[in-house]
Amino acid sequence: EIDLVFCSNPCEEIFFQQNDVCNLGSANLVALVNKSISEFQEVFRYITRFLMRATFADYPDPIQRKVVERNRRIGVGFTGFADWLALEGVKYSRFQTSYQHKEKLLKAKKTVRNEARKYAFLLRIPEPIKVTMVAPTGTTSKMVGVSEGIQPVFCKYFKRRIMYTTLDPKQVETLERLEKEGYHIEDSVYSPNAKVVTYYNKASILDQVDESLVEDATEITLEDYLSTQKYIQQYFADNSISF
């Protein structure tokens, strides 16, 4: 059996042994703003149990099934990091000096490891070899309207372009309505049966805090980027971080 690192998942927050799997879940930190330590820990405890249950999924490949049953690797993480800091009055670049927030993440990590150990005993399975990580969470973060993973807010104000197909009558109706409302619409350069609508946006966090608390990607130094990753690796992730 191969016990050495074989490869990573596409976003590189998980490093695999051969035939290992990616089994990840993330807490929305924005939903935990100003929560007590016990409430904070409880969310991470439940995600741990959920992901450990997922290791019992029906894997069609018997070799992969064997690796999963041996490693029980999980990846408990979080998203909305930048928004969480801003909502608690901390600038992104000041995370490295915020003992309170580093301590919360350290306690979350310990909670995940302790719960994994306890739940593995109850289920009579091996304890997961790794338990915490930070994924990029691009799509899921957009669905709940928070900043992605541990990334800072990319832009405070930006354009988002969305492509609609002209083969779907409902989307054609939407395009006609948007055109009447004055949205900029142009032909897609990628498909002859699609049009692109430009929407003007601002980061959702700006509706909730003073803009002075929000630093976008152009306002953060390389040193602060690397410091943030270093401390989150130290205080939280025992797998890795996509950053």
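Which ring does the charged end of Arg-45 sit over? That one gets picked up in point 5; first, some ground rules.

1. **Ground rules.** This is a predicted model, where local features need pLDDT of at least 70, side-chain atom pairs count only at pLDDT 80 or more, and totals for chains, interfaces and linings use all residues. Numbering starts from 1 along each chain as its sequence is written, and side-chain values use heavy atoms, with hydrogens and water left out.

2. **Overall layout.** The protein has seven helices and seven strands, taken as DSSP runs numbered from the N terminus (helices: H or I, at least four residues; strands: E, at least two). Reading from the N terminus, the order is β-β-β-α-α-β-α-α-α-β-α-β-β-α. The C-alpha trace spans about 60 × 45 × 30 Å along its principal axes. Of the 243 residues, 44% count as buried (under 20% relative accessible area; exposed is over 50%, partly exposed in between; 1.4 Å probe, protein chains only).

3. **Aromatic pairs.** There are 11 of these in the structure. Rings of Phe, Tyr and Trp (its six-membered ring) pair if their centres lie within 6.5 Å, with planes under 30 degrees apart called stacked, over 60 edge-to-face and the rest tilted. Phe-40 and Phe-44 make a tilted pair, 5.4 Å centre to centre with 35° between the planes. Why are Phe-40 and Phe-44 separated by about one helical turn? Because they are four residues apart in helix α1 (residues 37-54). Phe-40 is buried at 1% relative accessible area, and Phe-44 is buried too, at 0%.

4. **A tyrosine pair.** Tyr-183 and Tyr-199 have ring centres 5.2 Å apart and planes at 55°, so this pair is tilted. It joins distant parts of the chain, 16 residues apart: Tyr-183 lies in the loop between α6 (169-180) and β6 (184-187), and Tyr-199 in strand β7 (residues 194-202). Tyr-183 is partly exposed, at 33% relative accessibility.

5. **Charges over rings.** Back to the opening: the charged end of Arg-45 sits over the ring of Tyr-46, 4.8 Å from its centre. The label needs NZ of Lys or CZ of Arg within 6 Å of the ring centre and within 35 degrees of the ring normal. Lys-230 does likewise over the ring of Tyr-231, with its charged end 4.6 Å from the centre.
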